[in-house]
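I set out to look up the charged pairs, the surface charge and the confidence of this model. My entries follow the display.

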Amino acid sequence: MANEEDEGLTESAILLMTLGTDAAAEVFKHLSPKEVQKLGETIAKLQIVPKERVDMVVKKFHQQIGLESSLVADTDNFVRDVLVKALGEDKAGFLLDRILQGKDVSGIEGLKWMDAQTVAELVRNEHPQIIASIVVHLERDHASEILKQLPERTRNDVMMRVATLDGIQPHALKELNEVLSKMLAGSDKIKKTQLGGVRAAAEMLNFMGNAAETSVIQNMMEHDGDLAQKILDEMFTFDNILDIDDRGIQTILREVQTDSLVTALKGTDKELQEKIFKNMSKRAAETLREDLEGKGPVRLSEVEAEQKEILKIVRRLADEGTIQLSGGADDAFV
């Protein structure tokens with residue numbers, strides 16, 4: 001099974017290398033961090049690929065390429081360019097250190113592929129500062145699910161620390177190594193990683209659910225009212241889609257499946273629904289209205305799940321600069 005996986009990775013790497021950095025970067029944007037890491041490592045190991053091998057891969061993927069048997073002269077630079085274009089300098093730098101220098105990829109990277117309950121059990125007895133330093137490395141919805149598994153007092157403490165965290169120094173990463181196994185080798189040479197802060201806390205709260213969200217905000221209000229207000233200002237909920245201009249709504253709708261939109265709009269305010277309808281073609285709007293009226297009762301959990309998926313699209317588009325979110329900071333989402 002492992003051999004089949006290795007073969008698939010090699011073929012995928014060859015195909016990406018025929019596309020060039022721009023097209024390959026677009027592909028990487030749709031992969032998970034783990035897939036990016038595996039493909040990046042495979043590309044970095046490749047040098048000259050025989051033409052026969054290239055032809056076989058291209059035929060398998062129904063693509064056309066030229067007659068060049070040497071795909072990329074410098075695979076290190078290729079994978080570096082692809083990752084920077086796909087992920088940005090900071091995120092790419094973290095992966096490149098491990099891909100090109102063979103650094104250990106356990107620890108926090110491994111947590112990204114564990115379910116929330118397992119991670120929560122793993123960190124439950126750690127100091128809140130350690131937990132905060134861990135969750136800021138994770139996807140916001142994943143971090144939120146983990147935090148919901150923790151006792152309320154611990155969760156509130158952790159969120160306070162996330163909101164006031166302005167970065168993680170190399171010596172702190174070494175401390176995480178001791179907690180989660182070896183994550184980074186030679187971390188003294190690594191610059192401070194910009195993680196945490198008000199926006200990170202706001203994004204986690206967006207996924208947390210009303211009860212936990214209210215508890216966290218009330219706790220913050222008691223300790224630091226200004227900080228709590230800054231977090232509230234950064235939070236973006238499904239209802240805030242109303243604040244996005246018409247061009248932005250149209251951009252979002254192009255990336256959302258109709259079934260997902262129908263479920264997400266169940267029970268929402270009529271004003272929000274009308275905002276969506278007016279940014280669709282007349283025929284599409286009529287069809288959506290009919291689907292909404294004809295759809296039976298839907299569990300609240302299903303509605304919230306679809307809304308979260310759409311919010312992920314909204315945040316990605318905002319991060320890319322494709323749409324502008326009203327009321328928030330100008331910086332892109334982390």
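I counted a salt bridge wherever a side-chain nitrogen of Lys or Arg is within 4 Å of a carboxyl oxygen of Asp or Glu. On that criterion I found ten salt bridges in the structure. I noted one of them between Asp246 and Lys278, whose closest N and O atoms are 3.6 Å apart. This pair links distant parts of the chain, 32 residues apart, with Asp246 in helix α16 and Lys278 in helix α18 (residues 270-278). I took helices as DSSP runs (H or I, at least four residues), numbered from the N terminus.

The model is predicted, with pLDDT of at least 70 needed for local features and 80 or more for side-chain atom pairs, while totals for chains, interfaces and linings use all residues. Residues are numbered from 1 along each chain as its sequence is written, and side-chain values use heavy atoms, without hydrogens and water.

I then looked up pLDDT, the predictor's confidence in each residue from 0 to 100. The protein chain averages 74, and 72% of the residues score at least 70. Confidence is highest in helix α16 (residues 246-253), at a mean of 92, and lowest in helix α6 (residues 89-101), at 58. Over residues 101-105 the pLDDT is below 50.

Definitions and conventions: Helices (H or I, at least four residues) and strands (E, at least two) are DSSP runs, numbered from the N terminus. Contact means heavy atoms within 4.5 Å.
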